[in-house]
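Here is a short briefing for a reader new to this structure. Please look through the model first, then read the points below.

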Amino acid sequence: MSLNLSVILCLLFSGTCLVLNRPFLEASEKEQHFRAMVFKFLASFCFIIIATLCFFTEGIGYTRFWRVVALGLIFGLIGDLLLAFRHIYEKYYELFFGIGAVSFVLEHFLFIGYFVWVDQDIIPIATLCFIISFAFATFVLAKTGVKGGRLQIGIYVYIAIVCLMSATAISTAIKTPSIGSLMFALGSICFVASDTTICVYNFSQNKDFKLMILLHYLYYPAQILIALSVMFV
């Protein structure tokens with residue numbers, strides 16, 4: 001498959017993902033949880049399709065970076081479904097939220113491990129980026145009064161992992177700039193913003209649905225940018 005055709009198809013599925021986000025949010029606001037889960041799955045499946053298209057693109061194929069990104073996105077899809085289940089099976093709300101978070105943690109650890117393995121020289125820059133991003137995220141969590149109860153420590157640990165993933169992606173983009181590395185770095189920043197927002201929405205007194213809209217219009221572009229980065233690294 002030619003690169004031009006792949007880019008067109010990937011952009012088509014990127015747009016489809018963002019379009020599907022709207023009925024998902026509408027169903028969520030109306031508490032139509034099963035319907036919301038279906039639309040969320042379809043939207044999330046779009047970034048899996050994007051990664052698959054990259055595999056069949058001339059000049060990309062079965063690279064190490066593609067394997068890491070594809071597996072990471074699969075963990076992201078699983079995490080999305082588990083987070084959707086928490087609304088359908090409210091008795092196990094915290095359980096599904098926690099397991100879903102673990103699935104995303106696996107995605108982030110894959111990316112962290114890859115970037116550090118490729119170039120250990122990014123560690124000093126990544127450390128600085130991590131300190132800045134984690135300080136900002138924890139300030140937001142504290143300022144908005146996030147209280148997770150039994151999950152409180154887990155919330156901060158999870159955000160730290162997301163910030164570390166973003167830090168390694170940003171430092172990689174700084175050290176070895178390319179369109180792909182910059183796309184991944186931007187996606188990682190969106191991830192930090194999205195996950196910080198979901199913690200505020202779920203574990204603070206602020207239940208304004210606008211936060212739900214914001215976090216998903218940060219989350220899906222994050223996964224799309226990560227998926228598309230494979231083509232341009």
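Ring pairs join Phe 47, Phe 104, Phe 191, Tyr 219 and Tyr 220 into a cluster. The model is predicted. Its mean pLDDT is 93, and 100% of the residues score at least 70.

**Aromatic pairs**

- A pair of aromatic rings is described by how far apart the centres are and by the angle of the planes.
- The count of aromatic pairs comes to 19.
- One of them joins Tyr 89 and Phe 96, with 6.0 Å from centre to centre.
- The planes of Tyr 89 and Phe 96 are 35° apart, and the pair is tilted. Edge-to-face would need an angle over 60 degrees, and stacked an angle under 30 degrees.
- Tyr 89 is partly exposed, because its relative accessibility is 45%.
- Phe 96 has 16% relative accessibility, so Phe 96 counts as buried. The cut-off for buried is under 20%.
- Phe 104 and Phe 191 form an edge-to-face pair. Their centres are 6.3 Å apart, and the angle between the planes is 75°.
- Phe 104 belongs to helix H4, and Phe 191 belongs to helix H7 (residues 179-203). The pair therefore ties together parts that lie 87 residues apart in sequence.
- Are these two rings, Phe 104 and Phe 191, buried or exposed? Both Phe 104 and Phe 191 are buried.

**Helix H3 and its partners**

- Helix H3 covers residues 64-88, and helix H4 covers residues 93-118.
- The axes of H3 and H4 come within 7 Å and cross at roughly 165°.
- Angles over 145 degrees count as roughly antiparallel, and H3 and H4 are therefore roughly antiparallel to each other.
- H3 passes H4 in a left-handed crossing.
- Which kinds of residues make up the contact of H3 with H4? The contact divides into 21 nonpolar, 6 polar and 4 charged residues.
- H3 also meets H8, with axes that come within 9 Å and cross at roughly 160°.
- That angle makes H3 roughly antiparallel to H8.
- The crossing of H3 past H8 is left-handed.

**Residues in loops**

- Glu 31 sits in the loop between H1 and helix H2 (33-55).
- The phi of Glu 31 is near 60°, a positive value in a residue other than glycine.
- Glu 31 counts as exposed because its relative accessibility is 60%. The cut-off for exposed is over 50%.
- Lys 207 lies in the loop between H7 and helix H8 (209-229).
- Lys 207 is partly exposed, because its relative accessibility is 46%.
- Lys 207 and Phe 191 are 16 residues apart in sequence. Their C-alpha atoms are 20 Å apart in space.

**The start of the chain**

- Where is Asn 4 placed? Asn 4 is in helix H1.
- Asn 4 has a relative accessible area of 59%, so Asn 4 is exposed.
- Asn 4 and Ala 84 are 80 residues apart along the chain. Between their C-alpha atoms the separation is 35 Å.

**Confidence by element**

- Helix H1 (residues 3-29) has the lowest mean pLDDT among the elements of the protein, at 92.
- Helix H5 (residues 123-143) has the highest mean pLDDT, at 96.

Terms used
Residues are numbered from 1 along each chain as its sequence is written. This is a predicted model: local features need pLDDT of at least 70, side-chain atom pairs count only at pLDDT 80 or more; totals for chains, interfaces and linings use all residues. Side-chain values use heavy atoms; hydrogens and water are left out. Axes are lines fitted to C-alpha atoms, for helices over the stretch in contact, and angles run from 0 to 180 degrees between N-to-C directions. Helices (H or I, at least four residues) and strands (E, at least two) are DSSP runs, numbered from the N terminus. Angles under 35 degrees count as roughly parallel, over 145 as roughly antiparallel, 65 to 115 as roughly perpendicular and the rest as oblique. A crossing is left-handed if the near helix is turned anticlockwise from the far one by less than a right angle, and right-handed if clockwise. Ala, Val, Leu, Ile, Met, Phe, Trp, Tyr, Cys and Pro count as nonpolar, Asp, Glu, Lys and Arg as charged, and the others, Gly among them, as polar. pLDDT is the predictor's confidence in each residue, from 0 to 100. Rings of Phe, Tyr and Trp (its six-membered ring) pair if their centres lie within 6.5 Å; planes under 30 degrees apart count as stacked, over 60 as edge-to-face and the rest as tilted. Buried means under 20% relative accessible area, exposed over 50%, partly exposed in between (1.4 Å probe, protein chains only).
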